[in-house]
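Hi everyone, thanks for coming. Please have a look at the model first.

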Amino acid sequence: MTEIDSPAQIVFAMPRIGDPAPEFTADTTQGPINFPADYKGKWAIFFSHPADFTPVCTSEFITFAWMQQQFRDYNTELVGLSVDGLYSHIAWLRTIKEKITFNGMSGVEVTFPLIEDVTMEVAQKYGMIMPGEASTKAVRAVFVIDPAGVIRTIIYYPLSTGRNFDELLRLIKALQTADAFGVATPADWRPGDPVIVPPAESCGVAADRMAGAEEGLECEDWFFCTKQISETDVENAIRAK
């Protein structure tokens, strides 16, 4: 954090992947929150939206709430934020439940916490305010935070574009698979697809791989080898965490 021009003007450095998630306490629609301490031992998707009572945000909250149990199946909790106040949040979430249908989903109750941030203090800590988009609204930021409180993924969407929630769930599965098996996941990976093993770290290992000495590996070249992990093994490993 650095000061510019005057003590009243504070600039927060945007957090990066691998950094500890910035800490804060706040009021939410589910009571006070101490973040990320309250989520120790769990994964968290911490996301921002521009404003209550807006259509794109409404479609996103319905989808997140509808999929909440799917994320919980992978030890992942949801936490939302906008710079609106608590009473506005409550009124909006009641409207969603009582009046709004989206993609066949209706009567949806949002039970994950939605943070009020009228001072924009939390949004500033996480780099959610981007003046090129709006100086008084948070963009659609997504932070995936692991059970140790470390930021593992950062995604930003503009105000006009709703998020892809299937991708967010796929991302959680990919991160947990990488941790559980010590592998990487290739483009468009889904559980059950081949995973990428770490590159060979010596000429001998590289030669062995290309000669087929390591059982279960399929190598295109010494640096590009994959192995099969069944969808069942993936699901069992990451759900057990």
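Predicted model: local features only at pLDDT ≥ 70, side-chain atom pairs only at ≥ 80, totals over all residues.

The link between Cys219 and Cys225 is right-handed, with 110° about the S-S bond. The two sulfur atoms sit 2.1 Å apart, and a search of the whole structure finds 1 disulfide. How exposed or buried are its two ends? Cys219 is partly exposed, at 22% relative accessibility, whereas Cys225 is buried, at 1%.

Cys203 is exposed, with a relative accessible area of 70%. Cys57, on the other hand, is buried at 0%.

Now for the charged pairs. Side chains of opposite charge can pair when their charged atoms come close. How many salt bridges does the structure hold? There are 9.

Arg16, which is exposed at 58% relative accessibility, pairs with Asp19, and their closest N and O atoms are 3.6 Å apart.

Lys97 and Glu109 also have their closest N and O atoms 3.6 Å apart. This pair links distant parts of the chain, with Lys97 in helix 3 and Glu109 in the loop between strand 8 and strand 9.

Then there is Arg170 with Glu167, at 2.7 Å between the closest N and O atoms. Both lie in helix 5, 3 residues apart, about one turn of the helix.

Definitions and conventions: Residues numbered from 1 in each chain as written. Heavy atoms only, no water. Disulfide = S-S within 2.5 Å. Buried < 20%, exposed > 50% of the residue type's maximum accessible area, 1.4 Å probe, protein only. Salt bridge = Lys/Arg side-chain N within 4 Å of Asp/Glu carboxyl O. Helix = DSSP H or I, 4+ residues; strand = E, 2+ residues; numbered from the N terminus.
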